[in-house]
Structure formats: C-alpha cells, structure tokens
Amino acid sequence: MEGRTDRLEMASSTHPRWLLALLVVVIAVRSTSQANPSCHPAKEGMLNIHLVCHTHDDVGWLKTVDQYYYGSRTGTQNAGVQYILDSVVDALQKDPARKFIYVESAFFFRWWDQQTQPTKDIVKRLVASGQLEFIGGGWCMNDEGTTHYNAIIDQMTLGLIKLNETFGEAARPTVAWQIDPFGHSREQASIFAQMGFDGLFFGRLDHDDKNTRWANRTMEMVWQASQDLGDAAWLFTGVLPNTYSPPKGFCFDILCSDDPIMDDPRLHDYNVDERVDSFLKAAEEESQGYASQHIIMTMGEDFLYQNANAWYKNLDKLIRYVNKRQESGSKVNVMYSTPSCYLSALHDSNLTWPTKADDFFPYASGNHSYWTGYFTSRPTLKGYVRQTNGILQSIITGFHFLSLTLAYPSLLLQAVKQVVSLLGMGRTSNLEAMVQAMGVLQHHDAVSGTEKQHVADDYSERLAGGTTAAMGLMGEALRLSGG
Amino acid sequence: MGVMGEAHRWVMGGYQVVMGEAISKLQPPEAVVMSKGKDEATPVLCPLLNISSCPITESAPSFITTVYNPVARPVTHYVRLPVSEDAAFKRALLLLTIEGWEIAFQWVPSYAGIPGNEVADSAARMVLTDVNTTPFPLPLSAAKCLISRVCRSTWNNMLGDTLRITSMGQYRSDSSPQPWIRKKSRVLDVTLTRLRLGHTTLTLTCIASVCPLTPTAFVLQSQLLALNVTTFDLPTLLAAAGVPPSRQHAVIRLTCAFLRKTGNAVKTQLVPIPKPVLATPGRKSSATFELVFPAADIPPLGLLRFYIQRTHNRRFLRQQMSKVQSRQLGGETPIILATENLTLVVDPHTGLLKMVGAVHPGAINMIPVSQNFFVYAGMSGNNSKEDFRASGAYIFRPNGSEAAKVSDKVEVVTIEGPLVYEVQQQWGPWVSQVLRAYMGRTNLEMEWLVGPIPVEDGVGREVVSRVDWADLTTGNTFYTDSNGREMLKRVKDYRPTWNLKNQEPVAGNYYPVNSRLILDNGTLFKAAILTDRSQGGSSLQPGQMELMVHRRLLHDDAFGVGEALNETQFGEGLVARGKHFLLHSTFADRNCDFGCLHRSLGEELLLPPLYLFEETTASVHAWKESAVNKWSGLGRSLPNNVHLLTLEPWGDNRLLLRLEHMYATGESQPHSNPATVSLKGLLADWEIVDVEEMILSANLKKKDENRLNWKVKESGKPVSQSKPHSRSDNSVHQEDPSTKEDPLSITLSAMEIRTFILTVKKSSTRF
Ligand SMILES: [Zn+2]
C-alpha cells in the first residue's frame, strides 16, 4: 500500500564497495554447492540484478481472508488471490525463464483444493522445475511483535508440512520472507534457523537503522539469533532495498500506473532507451547499499499479479533490452530470480558478513512514527488468540491424543475404530478448522490488531468456530472413552 | 511423619485406591458406547469465564467439571466458577472433589488383569507420591470432622445400593500380594471403608452398638450378622475381610493417609464478583459469586473431574463464604492481607498497593511497591507530514503531555477466606482491578478491567498500568521477552547498533511484551511482571514497569487500514479484562529461585488448565461408577526445566514430540543446567518403537539438514560459536562413539528445542 511503503532516501556512500574484514571467523563451508540448477547463471564481473516476481497477499487486512481469496468487495480493495494464482500459472507456462514465488500457504491451499488434476499436474511441474517456488511457506506471514513462539511454530509447521505432503521434500522452502511485519524479533530468526531456513529477507526496520546500514553496506548480515543455541540459531538476514516494492517507475501491474515498455520504433511513444536508462540508474543507486555484486529487486506489491501477463510481458522486454546494453559495454546483468537463487548467489560470493545480536524493535518509519501502538491494539483479540492457543494445545495433547489412549484399554476393536474414525488418527485432521484459524490469526494484520473492524470480527468468528468444532469432537471423545 | 512414610511405602507397594469400579464396569464396550452416547450431555467450554459467566455453573443443580492439565508436570490450580446468588444463599454449594471421593469411598481390593485399573493406579500413584512432602494443614480430628460433614449428605443414599450387592463382582482377582484381599463380601468391604473414613454414623463405636441404631447401621449390622460377624471391632472386621494380621496395621495406618488427602480436597470459598465485572456491558449472567476450590495436583497431560452439587446445608455456606469488607480510606492502619507465602499491604489513604512481602524463616521481607493506572492522550493529526502523525492502530504517539493518573484514590473491598485473599479496587466507572494472593502461591495476581474508555471529549486515550519498585535501582535497563522465549536487554533511549536520536520519549522506548518484562540490576533484587497476552511495555524510570493494557483512538494513522482504532461493543467502548502477575526475587526460596519463579509461572500461563462443564442428573454414586475421573497421558512427569511443547498425533501410529529446555543459561540454578529425558515409559500407554529426530518444523530429518554456512566478521565481543548446541554437523556425533546417544534418552541444553517423530504401539501390558 502506498501509505505503508516507505521509500528510501538513498544515502550516498563513501565506503569502498568491497569491505575487507580484519578478523574473520570462518565457519566450515558446505562442501558441495547446493545451488538450484534452475537459477539463471550470474555473470562474473557484472552487477547481477535478481528480479523477484512476487505478490504480497495479506491473510486478511482491509478485507477478510476469504474476501481476498475470491476477490469480493472490490470497492474496498481490488484484490483476488484466486485470479493471481490462475494468472501466474498461465504466464509461467509461456516461458520457462519466468519465475514466481508464493508465500502464504493459507491462500495457496484454498486455491489448490479447487484445481483440477491437470492443473495440479502443471503446478507440480512448475514447482519441480523451479519456476514456481515456495518461499516462507507458513500458513501466513506471521506478525513478530505480538505473537507467541508456540503459535509461530504451529503456524509455520502447518504450512510447511502441507507443502511437503503436496510437493515433496524438494519443494521445501529454504528462505524466510517477512517482507511486511512491523519490526522483527530475534526469536523469529532463531525459529527460522531451527526450521532449516538458509536465510531471511524482510522489508521494515527503523528508518535511521536503515540509513546507517545503507551507508555502511550492512543491509545484509548474519543474525546470531540466540544467546544459547550458538550457530544453530544463526540466520543470514537481508534487508530488502525498497520494503517489497519495485524500483520507482517499474510496477507493471494493471493496478499500477507506470508506463509499459513500448518497443516498436514505428509506433508512437517508443520508450525503450528511457526505460533502460532509468532502470540502470535505479540499479546503480540500489547497489550503493549492498556489499556483493548481486542485488535483489522485489517486483510486486500487495495483491498484484491478478493479470500476470502485464508483468511478464514487460519484464521479458526489460531483461532483453537491459542485457542487450552489455553489447555496448554495460556491466549490468538482469534476470528472473527467486530469493533462494539470490541467497545462493550471495553465498557463492564468498564474502564475510557483519553480525547482529539484538532485534529490530521498535520499528519507526519516521521520527514520530513509532509502530509500537500495535503491540497493544485490540487487546481482547490478542487475549483471545493467546487463550485459544492454550485450548488448542490442550485439545491436541488432551483429547486428541489422550482420548485415543483412553479408548484403547477398555474398548473392543469395534469401539476403537469408532473413536479413531471420529478423532482421526491422522495429524489433527479433524481439528483442522481450529488449527487453521490459529494459523490465520498469527498474520501480521490479525493478532497485531491492525485490520479493519469487520475483519477483526471475522477473525474472532474463526477462532470461535474452530474451537466449537474441535470441542464437539472432544466431547464425543470423552463420552466414548468412558468420561 | 512416620505414619506418612508408612503410607507412602504402602502405596508404592502396589495396592491402589482408585476409580477402579468405574473402569471395570465399562465392559462390554459396545453397550457402553450405545448407552452413554444418547442421553448424556457433551462437555462444553465456558468461553466467558473471564467475566465470570457460565450458564451451567450458574444454574445447574449438579454438574461435572473436568479440569485438564496440558503441562507435563502435576499442577495445582485454583478453579473459579461463577455461581448465582440465589444458589449461593439459599442452598449453598457442596463440592465433592474427585480426591475426596476417590479416597474416601473407592477401593479395588484386587486389580490384576483388569484393564484400566493399572492405568488408574499409576495416576493415583502420582497423586499420592507427594504425601510425604505436603504438610498436613489440619489436625487429624479436624480432618475427620470435615470429611464426615462432606460425606453425610450423600453417604446414606449410596449405602442402600451398596449393600444390596452381595456378590464380589466379576472382577475379583487375588493374585497380587496385598495387605487387604477382598474376600468375604461387599458388606465387609463397605464396613471397612466406612471405618477408614471415620464416618460418624458408622464408626467403630457405632457398629458396636454404642450409639443409637440408625436404619442403615441396623441394616449393616444385620448383614454382618448374617455373615457370622458378631464382634464389631476393627481387628475382627479386618480378619473377617481376609486381611492377615501382619497387614492389619498397614490398613489402619492407611486410614491416616486417606484422611489427609481428603481433608485437603474439600476446601472451598465463595468470593463475591466485583461490581464493575457485574456491570460489564453485554454480560448476561446471574452469577454474583465465584466458587473457588483447588484442583490439587492435576496429573501431567491429565485430568481431574469434579462433581459439584448444590445442597441445602447452611453450615456449609457459612464456612465457604468469604469475609467481605468495604474499607473506608483515610485511616492510619494499613490494610494487610497475609497468606503463608505472600503478604500484601494496601495504603490506607489511597487504597493502592503499597508493599508486598514474603515470609522467610525468622522474618517477613517487605518490599515497597506501588501500582496505578495512567492514561496517555493520543496525538490527533491529519498525517500530512511526520509532525502531524496521529496515534492509531499501528502508531503509538502520546500528545506530548505526561501520562495522567486515572485517580489518586481507589475504593477498596477486601476479601478474606481459606483459599484466596483479594483486594478489589475501583478507580471510577471504567478502571478497576482485583489483587489476589492465593494460598500456597508465590505471585501477586492483578486482574484488570478497563473500559469503556471515555472519548466523549474528542481525545483518544491509551491506558497503562505502572508498577514502581522504590528500592530497585535499575537505571535505564530492563528486559523483555522475545516472542515469549529468550529475554532481550533494553536500554532507554539507546539502540545497540546505531546512534538513536529519539524524538518520541515514550513511544520510542516501547517494546513488545509477549509474556514478561523483567527488572534486574544484577543483584539478587529482581522483579518481573507477566502478562496473559501480548502488550506494549517499557521502563521509563528506574525501577518502573509500564504495560499498555488498552487503547481507544479517534484518528487513523494513515498506514493503510483507513479506520480509527475505536473499538465498540454493545453500543459502548470495548471493555477489556486481563491479568498481570507480579513477582519479586524475595518470593523465591531454596527450591525455586527467581528464574524458576518466572519460567514456571510463564509455562502455567501459556498452558492453563482447560475447564469443561456438563450438567448431570446422575447421583454422585452413579457418576463415580461410570466415569473416568482421574487420568494421565504420561507415565511420569518431565524434569522441571523441560517444557512439553508438542505432543500431537502425526499419522499412522506416529506422534510428533517437541521437548524444550525452558531456561536460558544463568537464569536459574540448577534449572539452567542440561536436562535429560528418557522417552522410555514417558507415555503411559504407548511404547515407543522408533524415534526420528526432525528439524523444528518436522518437514526434514535432522540428519538431512544441511544449511548454508556463512563467514562472519567478528565484532567487538566474542562470537558465539558454542558448537555443542549445534547438531548440524552430524559427522562429529557419529565419529565419536562416546557421544553416541541412546535414542530414547534425550538431552537438552539451555533453551534448546528438539523435535521427534515417534512411532508407537500400544503398551502390551495394558491388555
Ligand atoms: Zn502485509
């Protein structure tokens, strides 16, 4: 959203491009490169620009999660996730060079469940080929200021396990993507590290912190995210250059107003030269803040890509014309990429990175704009979320697990079958509504209290509905088990 | 103490007193499912307990409360149930706790081979193992008196039924060595049970015809006579029951152990609900009192069930009712409420908290502390530039003036009773609070009720609770949790990695408080405040704790949401109720230091017991016969420093298990030390046949983890490189045979979480 995207004041840097460290601690380097073969190769000696096509899909904010999914209430916000995924899947099939990332599993599985088998097969191929990559992969992109680690672990696990079951281990997300939460907690980084993530990218940090990092080229670092866990909790962490927006002038979405690339010289308004110049300038500016010969550009925004073709048509051209300049000496190489391709390129750069041991709170987007109100906003919703977490843990250990136990000793086979089918011996299968509701509530516009009132009401209803459904099962379990 | 030791040993010897009757009667199972599935109510939650509202507890003549403990250690918890004034005054409530009943009335003379009984045994064993350590609060005679009072109202009803059953039942078995083999008849067993209880209408002397014959005593006598038992003294009865002389002594001693447990279990207290709670908008409840009782030692991952019934017993009401005093402010004598563990002093002029204290051997240590509610006026503005930024859903921006006290003086009502002391404080129409000190608990509970926040004057308001520790000089440093786990150091007006020029002296020092804020000046003098939800908080002055509890604002802050944060409900501003818990290092003792106090309380707040309610028309007797009233999913508790983070069914015969060491290094002695958990026998009914360690998200085997490694610059301080915690390098473990772990023995170091997928099968011993 326009209001929420703080454009960076580009600070000019006097620091050398390549910082050499005096003292270096070398950690054993992974012996074999795990670079995803689907990543487009970088060009040595050039500034490599990684275009990351993405959409930021809030699991509820101005509209409810389901309104966002279907795209209803366009008057409030023109946003429909089902169209985004339909459209991206079409666009990716047209050119194997194109890439896209998807982040919020709550939306992805709403869509997946409605697809035909042929479409599912296509998606599986796109995932296998690396064209479509899951990044983050939790049920939502959870808030970090008002969430409890118990709920963070649950919501991440919910999304990641579903992805695993659907696409196999090869599709396991390895990059965390917290592009919108309003400040970043150390525990979140520790949890990501323990979940096997190789790196984390985010968008929001204190404006002065950002300026300082930009000037010192310390936008990317290794977060030592635990006092006790050692390097098991180290996480490579990158601050994105432009929150999560494209460079100014390069938003090619149908909802944006930037000019497309008009490349037929016979037609009016031909603008390729201007567009390429302008892009190279943006790239040069961005490279000032970063230490390696790779930079990332986030080509997306909130709920964009409902018409993915508009993006890819223009980005195809942008890549073609920018790289064409290399023939006349340009040292800039641009390509479709993903956060994991970018991270892997940073890793291959073999640089030495600064460290970070505290956290990124509080977040101030200006001298008088401290995002510290949301720590308390909607106190009853926050209380309800925490209370429901406790109930959910009780239901899982107590009545899902324990009632199976209770049922076994005294009941004959027939009754055991009844209990098992009632409760499901599968993973929380019959608690899904409650587990998913809790997953949704961890979103950075849910438990944070920063959604519209009607959305907050919808969230409360989800918690109540999920709890009621789970309680029904629990009561049955208690009865069947002799309670 | 010798008797208790005997009792303990005796219990451990294997003869258990449990809910065996109930379980054995579950057969045949189909019949149970059929007959129980139809007419019984399904247990339900009462989601509005936080405003003392629950239809079942308010109106049902008798109901069952199931209390489930999701923590992997036994937990003692004070249950609070809303009850209506009508019931409270006219009929008085009688609480029969499961422990009272179980121990007073139930026994299984033999249990071998009866499915379920052995399970129940282990649950009971867990309860009884602390017999040695729990100080007995009452003289034996007083306990007997209490028990008999509880029993009398229902005993006679039950007795008739009981005596009609003369057979041994189908579950007779006598293969195990026991002090008391049930042999002759149910009549004798009943007689002995009643003797052990000290039942007043059927004591030894009564049976021996000293007291006037009651009808039931007469029936019993005649039945005993039919069995040729003519001398009604205890040795004779025991002998007739088949208890060999060598074991009679143990049976008699057991009586003492039983009385102790039972005497503990029946304590209850009726506490009036504070007026502001009764007036909460939207509250539709007839309840004006809360019935408080302890659910003692709820088994780990287990449940206790309580049968609660109203009675006509006025004497009971008198005993249960709290002493309620409306305090006039202005006197010189401070208001002092003291439990064994905690002393609470309220200023007689203001009605505000003045001191807390703890009793130590030889001294009471009193700590000055004050607490009050303050209000920030939210900045209004059109957000057209940074200076005009409004306080809103995202942004906290006070309008620049100091926070104002809600009031200098509060109205105070004090509550005293056997289980809890309360100070009910009222600041005015929209802020109130209850301070609570429960017997045996070492924290001060502060339940706040805030709203509707007035905004009629066009000013948005943000309400904070401030606690000031006069003697705790902490400078500008305080600590807040990171998502409820590790603690982070915060320094006012300072950031570790860049030069802060803070232009928002309050908002710029606010940090997320998801579970606790701690003051610690490096001495033994520390304080913590714990929350029941996420809040913003800070320490703006040395020794001060500030938490924002509620906010109501009239302007959008222009970060996209497009609405002012002006929550309303029932046509008024939203009312919120929540809890803070105050801890001080002086509350610590030898067993639990300050770190232990806040970590163990934090775990209990995260996973509070779950209450379920169901109305019942069954008699206590029938209920006991049919219900599983005490259970545990674990074969034993986890060590005190290990948190069971996850135990979840995970597909075919698999369970997901996460164990967490919940202490940081240096936080508590000895809890910060590594912990070892043996998984063998941990699950009461499941045998673990395979263990696979996973990464935290359970989507990759730990041994397949291969994260990218990064070279880092060493900063000023040493880089943490404590490899022992890192399990990413598997080769190290495999090459060194001395570190080869028993797969069922799990060691956790400080703050470590380990995740496992267990393949399990039912323990064969139970079948
Ligand atoms: Zn967002």
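Visitor: Why is A:Ser105 called buried?

Guide: The relative accessibility of A:Ser105 is 2%. Buried means under 20% relative accessible area, exposed over 50%, and partly exposed in between, with a 1.4 Å probe and protein chains only. A:Ser105 therefore counts as buried. This is a predicted model, in which local features need pLDDT of at least 70 and side-chain atom pairs count only at pLDDT 80 or more, while totals for chains, interfaces and linings use all residues. Residues are numbered from 1 along each chain as its sequence is written, chains are lettered from A and ligands numbered from 1 in the order in which they are written, and side-chain values use heavy atoms, with hydrogens and water left out.

Visitor: What surrounds A:Ser105?

Guide: A:Ser105 is found in helix H3 (residues 105-112) of chain A. Helices (H or I, at least four residues) and strands (E, at least two) are DSSP runs, numbered from the N terminus. Not counting residues up to four places away in sequence, A:Ser105 touches A:Gly137, A:Gly138, A:Trp139, A:Gly159 and A:Leu163; contact means heavy atoms within 4.5 Å.

Visitor: Which backbone oxygen lies 2.8 Å from a polar atom of the side chain of A:Ser105?

Guide: It is the backbone oxygen of A:Gly137.

Visitor: Why does A:Pro37 count as exposed?

Guide: A:Pro37 has 82% relative accessibility and therefore counts as exposed. A:Pro37 lies in the loop between strand E1 (24-25) and strand E2 (47-53) of chain A. Its C-alpha atom is separated by 9.1 Å from that of A:Ser129, 92 residues apart along the chain.

Visitor: What makes strand E9 of chain A largely enclosed?

Guide: Six of the six residues of strand E9 (residues 294-299) of chain A are buried, so the strand is largely enclosed by the rest of the structure. From E9(A), A:His294, A:Ile296 and A:Thr298 point one way, and A:Ile295, A:Met297 and A:Met299 the other way.

Visitor: How do you know that E2(A) and E9(A) pair?

Guide: Two strands pair if DSSP finds at least two bridges between them. Six bridges join E2(A) to E9(A), which run parallel. One of the partners in E9(A) is A:Met297, bridged to A:Leu51.

Visitor: What makes helix H6 of chain A mostly covered?

Guide: In helix H6 (residues 186-194) of chain A, nine of its nine residues are buried, among them A:Arg186, A:Phe192 and A:Gln194. H6(A) is followed by A:Gly196, whose phi is positive, near 85 degrees.

Visitor: How are the strands E22 and E27 of chain B joined?

Guide: Five bridges join strand E22 (residues 526-531) to strand E27 (residues 576-584) of chain B, and the two run antiparallel. B:Ile529 has B:Leu582 in E27(B) as its bridge partner. Both strands belong to an open sheet of 10 strands in chain B, ordered E7-E13-E14-E15-E16-E27-E22-E21-E18-E19, with antiparallel pairing.

Visitor: What makes strands E7 and E19 of chain B edge strands?

Guide: Strand E7 (323-327) and strand E19 (487-491) of chain B each pair on one side only.

Visitor: Which residues touch the most other members of the largest nonpolar core?

Guide: A nonpolar core is a set of buried Ala, Val, Leu, Ile, Met, Phe, Trp, Tyr and Cys residues joined through side-chain atoms within 4.5 Å. Of the 248 residues in the largest one, A:Trp177, A:Tyr305, B:Trp469 and B:Leu679 touch the most other members. Helix H5 (residues 149-167) of chain A gives the largest share of this core, nine residues.

Technical notes. A polar contact is a pair of N or O atoms within 3.5 Å; within protein, one must be able to donate a hydrogen and the other to accept it, and residues adjacent in sequence count only if both atoms are side-chain atoms.
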